[in-house]
Amino acid sequence: LTRQGTRPEVTLTHCPYCSLQCGISLTSRGGPVTLEPQDDFPTNLGGLCSKGWTAASLLDHPQRLLAPLVREVRGDRTSPLRPATWDEALGQVVDAITATQAAYGRDGVGCFGGGGLTNEKAYAFGKFARVALGTAMIDYNGRFCMSSAATASNKAFGIDRGLPFPLLDVARAETVLLVGSNPAATMPPAMQHLDAGRAAGATHVVVDPRRTPTAAGAALHLAPLPGTDLALANGLLHLAVREGLVDEQYVATRTTGFAPVRAAVGAYWPDRVERITGVSVADLRRTLEVLTSARSAMILTARGAEQHSSGTDTASAWINLALALGLPGREFSGYGTVTGQGNGQGGREHGQKADQLPGYRRLADPADRAHVAAVWGIDPDELPEPGLSAFEMLDRLGTPGGVRTLLLLASNVVVSAPDVNRVRERLGALDFLCVSDIFCSESAELADVVLPCAQWAEEEGTMTNLEGRVIRRRQALPPPEGVHDDLWVMKALADRLGRGAYFSADPAEVFAELRRASAGGVADYSGITYDRIDAEQGVFWPCPATPEGQPDHPGTPRLFADSFPTPDGRARFVRVEHHDPAERPDAAYPYVLTTGRLMAQYQSGTQTRRVPAPSQSSVQPEAQLHPDLARRLGIGTADIVRLSTRRGAAAFRARVTDEIRADTVFVPFHWGGASAANALTNPALDPSSKMPAFKVCAVAVERIGAP
Ligand code: SF4
């Protein structure tokens, strides 16, 4: 690296990738930036995974975008991209916005954000859509990540904070039930908390159709058929009711709505649950025993349970079980969801979601609209109504009534959305596409204008990790010449649109405004300051300022000890029933496909696939098949197999392993092109959260080549 650091030689910041937000110490003395884990940051305690260790190689990567790109022939996306000045590139974006809104109205322009944006950028993007563009059309890729658990948590608890307790509490829980979560691969430093618990005698149960490294280390591994977790949870609650293991006093004093749930789970007899899920009655009983015999127990779900067309109901079923056992609010106990993206939590709190305003306020609520409009200095009537969710917006691009000009930040939807062949087709139907990214991602390759943006170690801001801990992202060195951060871009565009007075490019100013906008909301940041974060290793929201505006509140590491933030202070049971997934195997597509992550790659792989270190670059897309299935189909390890679904096909190298159910095939989703797992996935949406059914669809498998 040749750029001089602008800050002290050692900068404490956080990994650019997942929601664990491991503490990192960067040293930059004008030579190569070196990177070390922070020993005392509570989530990683000196640990990093291979992604974190190699993150500095992104900073001066040879493929880094260092200037805006526009098309050689303006308006012709088949012509090559060429470097341009910022003035020319932003001019084209503003021309497109203006022409589109003149022809199609304000909602003709859409914004699509990401769960990796800092809180400041997520906040500014939501405001940019509503104030600079006046469009209702904004959503983000977190809709594909956390939305089901968020919706279920809001229904039950009146709040959505991934973990309602610090991660360190996981080491103190006597029982941990992990559902569709594989931290040994997705966030390995988190395993030290689970390992510490096990060393102290804790019992861990993992629910996953694969025997992942996390499952292999657990006392009990349940491997249900993908898409049947809800029945499993209802079956456990059925047993708890029948065997008198419900915490009746807790249910009576701290919850509402148990009677219809008790009635509903009456139909989930263990043998019926075994037929639906494939989990034996004995394992059901053993799971309930370890949950109810412990003084402290946690139920943690992740995307395996949530990325379904019934994802919200599935999360609700696990929450119902946790409530019936009296866990939320009990010491070292409760329900939580393990957020995935780096700012998956903060990304959904500050207004880049179609239905939300900052502070987790609701766009449909008149009081919430009035509060935020006052902070923004606009009339509440200027605020649009809620717009379309992420896939709904993508699915209608370029159609009558759909978005015609799209601004895409920090998201590579051509790889990460479901049914990417459809998404690519819809992007092609746009009048104009602008993408901001570090690299020329698969989505950026389709754009009219590509804007090069600053990345993690080059910017200031805050992130909110999986615990709800608000932390600082600190700048160690300036962006390369010609590169700007997205706050600067939004301000520059707003200036050109005549709305620049409403925007700032200074993250500290944006955070100060975010604090005011969130004050009194569910996700209240008003008592959090950069100085406090520096002094306290982060601050947990909610953290309201005093009525005089003083940041004296200690923050809230643990929620629900005394009450829930619902109108009556009680948690709410939600009656839910098992339904078959949106797509079931049949004669044409006889197997179940499920998707997930590998340790070496992060999300769409835009960053990690470019890291030259062998720990990342040697990892290729493989399809995992059980030996019985492989034998039946004449497939051996390393053969090339084609997977086909009703939406498309993709090719993978086969890995034959008994770590997966015999009726299920697993593929990682980090690649596009010929090995795009999301060419296969089903965009059937959960009716409440609008989460696509990434985790289950019907698939056909055939061998097409030798190693
Ligand atoms: Fe930590 Fe996640 Fe980064 Fe790995 S990817 S170092 S687990 S924050």
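At what angle do the axes of helix 2 (residues 86-104) and helix 20 (residues 486-496) cross? The answer is roughly 60°, and the two axes come within 10 Å. Here an axis is a line fitted to C-alpha atoms, for helices over the stretch in contact, and angles run from 0 to 180 degrees between N-to-C directions. Helix 2 is therefore oblique to helix 20, since angles under 35 degrees count as roughly parallel, over 145 as roughly antiparallel, 65 to 115 as roughly perpendicular and the rest as oblique.

A word on the ground rules. This is a predicted model, in which local features need pLDDT of at least 70 and side-chain atom pairs count only at pLDDT 80 or more, while totals for chains, interfaces and linings use all residues. Residues are numbered from 1 along each chain as its sequence is written. Helices (H or I, at least four residues) and strands (E, at least two) are DSSP runs, numbered from the N terminus.

Helix 8 (residues 229-242) has 14 residues and reaches 20 Å from its first C-alpha to its last. That is close to the expected 20 Å at 1.5 Å a residue, where the expected span is 1.5 Å times one less than the number of residues. Twelve of the 14 residues are buried, so helix 8 is largely enclosed by the rest of the structure. Buried means that 20 or more other C-beta atoms, placed from the backbone, lie within 10 Å of a residue's own; 12 or fewer makes it exposed, and in between it is partly exposed. Among the buried residues are Asp229, Asn234 and His238. Just after helix 8, Gly244 takes a positive phi of about 70°.

Positive phi also turns up in residues other than glycine. Phe332 has a phi near 55° and sits in the loop between helix 14 (311-324) and strand 13 (334-337). Phe332 counts as buried because it has 23 C-beta neighbours inside 10 Å. For Phe560, phi is near 75°; this residue lies in the loop between strand 21 and strand 22 and, with 22 C-beta neighbours inside 10 Å, is buried. Pro542 lies in the loop between strand 21 (539-540) and strand 22 (571-572), and the peptide bond from Trp541 to Pro542 is cis, with omega near 0°.

Gln624, in strand 24 (residues 622-625), is 42 residues from Phe666 in sequence, yet their C-alpha atoms are 5.1 Å apart. Gln624 is buried, with 20 other C-beta atoms within 10 Å. Arg275, in helix 11 (residues 270-277), is exposed, with 11 such atoms within 10 Å. The C-alpha atoms of Arg275 and Leu225, 50 residues apart along the chain, are separated by 10.0 Å.
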